Amino acid sequence: MEVSDSVLERLRLVTALPDLTGTRYELESEIGRGGMGVVYAARDRELGRRVALKVLEVPITGEAQLIARLEHPGIVPIFETGTLADGRSFYAMKLVSGARLDRYIADHHTLSERLRLMRRVGEALAYAHAQGVIHRDLKPQNVMVGEFGEVYVMDWGVDAVAGTAGFRAPESTLDRLSDVYALGALLKSLVSASDSPAVAAIAEKAMRADRRERYGSVSAFLADVDRFEQGLAVEAWSEPVWHRLRRFASRNAVLLWLLAAYTLVKFLLFFLRKF
Amino acid sequence: MDADTAIGGPGGRFPSTHVSLIEAAASGLSDAAMDQVIALYWKPVYRFVRLKFQKSNEDAKDLTQGFFASALQRNFFARFDPAKASFRTYVRMAVERYSANQHAAENRQKRGGAVEFETVEEQVIATESPELEFDREWRRQLFFLALDDLRVHCKQNGKDVQLGIFEDYDLTDGDRLSYSDLAVKYGIPESTVNNHLAWARRTLRALITERLRGTTSGAKELHEEMRRVWK
């Protein structure tokens with residue numbers, strides 16, 4: 001029996017769809033596709049809510065099970081993991097409505113907002129590292145910003161993930177410092193040197209090819225971002241004198257205005273007494 | 001261009017010479033493994049040769065047979081290094097080199113003789129990418145073979161109703177029977193039609209995966225090829 005190209009294409013499509021027989025989920029539509037699998041919107045019949053189903057070709061073992069246990073406001077909660085009737089593995093996750101970070105920042109230009117996003121990402125990453133989990137593929141496409149500005153880091157990596165060019169550290173084996181590298185690359189994608197040379201320097205330090213020259217942890221990276229936001233000198237940048245003066249002026253603007261006003265009043269009083 | 005060969009299509013229509021080719025191979029691969037490789041790759045190689053070197057049906061068949069015979073004699077498939085490329089790419093590049101050498105040898109023999117002009121049709125076909133056609137034919141062949149496996153599996157396991165529903169619903173071009181029509185036709189509830197269809201699709205997917213497993217080097221390449229099939 002010969003089969004036409006259109007029938008073959010149909011077969012390709014129907015065999016690609018996950019077989020949800022025996023699960024509590026009904027497939028709605030495909031919403032994303034990554035290196036490790038495909039994400040679908042689905043309806044949980046038992047709880048009457050929509051969820052995101054990530055369907056993977058590889059079994060969920062080891063670290064992936066650890067990922068499923070992560071509980072943090074910046075990490076998309078996983079409701080269930082399992083194996084489908086067709087042998088594929090799946091995660092059922094909270095369905096986040098919002099925008100991917102790379103699309104969100106197109107409409108949100110302020111430096112403080114971008115640094116807020118970085119902080120949320122960094123906090124989620126630091127928590128995961130404390131739990132023994134590394135991301136392995138941090139990039140703007142794997143960060144979602146919700147309707148109320150909440151930030152979710154998604155697609156926590158499993159061993160087979162090799163990272164993404166531009167965000168992947170040069171070392172062959174990925175670990176926490178590789179995530180620090182990716183965090184720097186993420187910051188670099190959000191903030192340019194013309195926005196702030198100090199922030200650009202933080203990104204550059206996180207992305208050093210020599211791992212020993214990077215921040216030793218995500219917390220150290222966030223601490224430097226904190227210093228910048230508080231108007232302090234950052235560890236990553238030995239700033240020029242004029243920049244230091246400007247930063248001092250900016251941090252002590254009220255005091256300097258009071259001093260100027262005091263000097264002006266004293267000056268006026270001096271002349272008034274004379275005449 | 002004359003019509004394509006039916007060799008390498010579904011239904012076990014491989015020439016018996018393939019068995020002897022496999023038997024003659026001084027390879028470390030088992031006969032069954034070689035059988036799978038040739039079943040999947042004979043037609044893509046043939047189509048690639050036809051398009052790339054604008055061969056007639058008979059010439060392309062000879063060249064394809066020659067390629068597999070040479071590959072088996074030289075233990076070519078056993079020398080595949082998965083670190084360098086996928087097996088599919090390895091085969092395509094090898095057949096390209098082999099055919100180019102054969103093509104050049106033929107042209108040397110013909111030199112000084114009458115010049116052969118391409119027909120208009122051949123020139124048009126030649127503008128398509130043979131590499132893309134190779135991959136397309138590979139995917140098509142994979143589904144053909146898995147469909148054959150599914151039919152055999154259903155017949156051996158008394159799943160004639162499942163197969164019938166699947167063929168009526170998924171293998172029909174144009175208007176197809178609805179679930180309720182199929183329920184009436186086979187005298188079963190609609191929900192069973194749904195379950196039977198899901199079973200057939202699931203089994204077909206598993207059979208496709210098995211075919212791929214037999215022609216890839218391991219889990220990594222298998223998953224990459226699965227992505228290529230279902231991307």
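This is a predicted model: local features need pLDDT of at least 70, side-chain atom pairs count only at pLDDT 80 or more; totals for chains, interfaces and linings use all residues.
View 1. Of the contacts within chain B that link residues at least 6 apart in sequence, 70% bring together residues at least 24 apart. Chain B holds 10 helices and 0 strands, and its elements, followed from the N terminus, read α-α-α-α-α-α-α-α-α-α. Of the 231 residues in this chain, 33% are buried.

**View 2. The crossing of α2(B) and α3(B).** Helix α2, formed by residues 31-53 of chain B, and helix α3, formed by residues 57-73 of chain B, have axes that come within 9 Å and cross at roughly 130°. Since an angle counts as roughly perpendicular only from 65 to 115 degrees and as roughly antiparallel only over 145, α2(B) and α3(B) are therefore oblique to each other. The crossing in which α2(B) passes α3(B) is right-handed.

**View 3. Residues at the contact of α2(B) with α3(B).** From α2(B), the residues Ile38(B), Trp42(B), Val45(B), Tyr46(B), Val49(B) and Arg50(B) take part, and they meet Ala60(B), Lys61(B), Leu63(B), Thr64(B), Phe67(B) and Phe68(B) of α3(B). Sorted by class, the residues of this contact comprise 9 nonpolar, 1 polar and 2 charged.

**View 4. The contact between chain B and chain A.** Chain B contributes 18 residues to the contact, and chain A contributes 18 residues. On the side of chain B that touches chain A, at least two residues are supplied by each of α6 (130-156), α9 (190-213) and α10 (219-230) of chain B. The largest share of that side, 8 residues, belongs to α9(B). The side of chain B that touches chain A is made up, by class, of 10 nonpolar, 2 polar and 6 charged residues.

**View 5. Strand β5(A) and its pairing with β3(A) and β4(A).** Strand β5 of chain A, residues 89-94, pairs with strand β3 of chain A, residues 49-56, in the antiparallel sense over 6 bridges, and within this chain Val51(A) has Lys94(A) in β5(A) as its bridge partner. Strand β4 of chain A, residues 78-83, likewise pairs with β5(A) in the antiparallel sense, over 5 bridges, and the bridge partner of Gly82(A) in β5(A) is Phe90(A).

**View 6. The hairpin of β4(A) and β5(A).** Between the two strands of this hairpin lie 5 residues, and in the hairpin Gly87(A) adopts a positive phi near 95°.

Methods: Residues are numbered from 1 along each chain as its sequence is written. Chains are lettered from A and ligands numbered from 1 in the order in which they are written. Two residues are in contact if their C-beta atoms, placed from the backbone, lie within 7 Å. Helices (H or I, at least four residues) and strands (E, at least two) are DSSP runs, numbered from the N terminus. Ala, Val, Leu, Ile, Met, Phe, Trp, Tyr, Cys and Pro count as nonpolar, Asp, Glu, Lys and Arg as charged, and the others, Gly among them, as polar. Two strands pair if DSSP finds at least two bridges between them. A residue is buried if 20 or more other C-beta atoms lie within 10 Å of its own, exposed if 12 or fewer, and partly exposed in between; C-beta atoms are placed from the backbone. Axes are lines fitted to C-alpha atoms, for helices over the stretch in contact, and angles run from 0 to 180 degrees between N-to-C directions. Angles under 35 degrees count as roughly parallel, over 145 as roughly antiparallel, 65 to 115 as roughly perpendicular and the rest as oblique. A crossing is left-handed if the near helix is turned anticlockwise from the far one by less than a right angle, and right-handed if clockwise.
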